[in-house]
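This report describes selected features of one protein chain.

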Amino acid sequence: MGRSLIVLLGPPGSGKGTHGRRWAEEHGCLYVATGDLLREAIRHGTALGVQAQTYVARGELVPDEVMAQLIEEMLQKADRCVVLDGYPRTLVQAATLEGLAHRLGWQVAMVLLLDVGEQELIERLSARRVCPNCQAIYNLLSAPPRQDERCDVCGAALVQRDDDRPEVVLHRLAVYREQTQPVADYYARRGMLVTVNASGTPEEVYARLRQVTAR
Ligand code: AP5
Ligand code: MG
């Protein structure tokens, strides 16, 4: 699977992080989530973080040029297959990825769309907690930590993401519909899109994901 990319598409809360990380570990790939990279940059106050901060807080997309630079650096450094969660999110980004992949010798091996209805997404996001230290993902309803609001992996106190406030969640869903749904359509037209029903329990969803990627 050398220089191959597995692209994960899906609305906020569809399980890209939950399943992407697990799939990458099981297949010996790197897991790269643009949202995690941006949040980390914001926390550390880097130049990227300063550029991205207001967009992320409002649930808007960070400008395409900023994201292009981030992805280019990642593709230059990565030394094995990559599960890419959160990029591309606009048609411009899809074109950028194609150009960079071609130039740097990568191939988009699969594009997976996690499909879930909006009501379920809103419920999931309102109960999500994340580890600010190791990025593990929890849910107070469907995937609670063993010990009250502490990370099972590293013990840090869990937090709620700033952009999981209800008004920001609704905006993120609208941004997805307007800007990212066309990316799914673009890959579908090219016969590259595999849609996975991502409602149901996390175990059920992961089993479906495994099945479609085993083909
Ligand atoms: P990003 O971090 O990518 O956020 P997102 O796309 O909105 O997706 P989420 O992380 O909210 O959801 P997820 O699909 O990972 O779901 P999860 O597994 O956590 O992006 C954040 C921001 O960064 C953007 O708004 C933008 O500002 C910026 N950004 C990032 N990439 C960009 C780009 N390319 N261009 C421009 N800007 C960019 O699961 C959600 C919850 O549900 C969890 O609590 C989980 O435990 C639970 N859960 C998961 N599966 C199930 C299940 N089957 N049943 C019940 N609960 C479940
Ligand atoms: Mg995520």
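## Packing of α2 and α3

The crossing of α2 and α3 is left-handed. In this predicted model, α2 and helix α3, which spans residues 47-58, pack with their axes 8 Å apart and at an angle of about 115°. Angles of 65 to 115 degrees count as roughly perpendicular, and α2 and α3 are therefore roughly perpendicular to each other.

Two packed helices are described by the distance between their axes and the angle between them. For α4 and helix α5 (residues 91-104), the axes come within 10 Å and cross at roughly 25°. Because angles under 35 degrees count as roughly parallel, α4 and α5 are described as roughly parallel to each other. The crossing of α4 and α5 is right-handed.

The pair formed by helix α1 (residues 16-27) and helix α8 (residues 202-214) has axes that come within 11 Å and cross at roughly 50°. That angle makes α1 oblique to α8. As α1 passes α8, the crossing is right-handed.

## The second largest pocket

Rolling a probe the size of a water molecule over the atoms shows where empty space is left. In the second largest pocket, this space amounts to about 420 Å³. The pocket is lined by 18 residues, of which Val32, Ala33, Leu37, Glu40 and Met74 are the closest to its centre.

Which elements each supply at least two residues of this lining? They are β2 (30-33), α2 (34-44) and α4 (64-77). The largest share, five residues, comes from α2.

By residue class, the lining of the second largest pocket divides into 10 nonpolar, five charged and three polar residues.

## The annotated lid segment

An unreviewed UniProt entry assigns residues 128-163 the annotation "domain: Adenylate kinase active site lid". Over residues 128-163, the chain is 17% strand and 0% helix. The end C-alpha atoms of this stretch are 11 Å apart.

UniProt, again in an unreviewed entry, places the feature "binding site" at Cys131, Cys134, Cys151 and Cys154. These residues are spread over 24 residues of sequence, yet they cluster in space, with a largest C-alpha distance of 8.6 Å. Cys131 is found in the loop between β5 and β6.

## Backbone geometry

Most peptide bonds are trans, and most residues other than glycine have a negative phi. Where does the chain contain a cis peptide bond with omega near 0°? Such a bond runs from Tyr87 to Pro88.

Gln135 has a phi near 70°, which is a positive value in a residue other than glycine. The position of Gln135 is in the loop between β5 (128-130) and β6 (137-139), the loop in which Cys131 is also found.

Key: Residues numbered from 1 in each chain as written. Chains lettered and ligands numbered in written order. Predicted model: local features only at pLDDT ≥ 70, side-chain atom pairs only at ≥ 80, totals over all residues. Heavy atoms only, no water. 1 Å grid on protein atoms, 1.4 Å probe; cavity = no way out; pocket = protein on both sides within 12 Å on 5 of 7 lines; lining within 4 Å. Points joined across faces, edges and corners; volume = space filled by probe spheres on them. Helix = DSSP H or I, 4+ residues; strand = E, 2+ residues; numbered from the N terminus. Nonpolar A, V, L, I, M, F, W, Y, C, P; charged D, E, K, R; others polar. UniProt positions renumbered as here; feature names shortened; annotations may be inferred. Axes fitted to C-alpha atoms, helices over the stretch in contact; angles between N-to-C directions. Parallel < 35°, antiparallel > 145°, perpendicular 65-115°, else oblique. Left-handed = near helix turned anticlockwise from the far one by under 90°.
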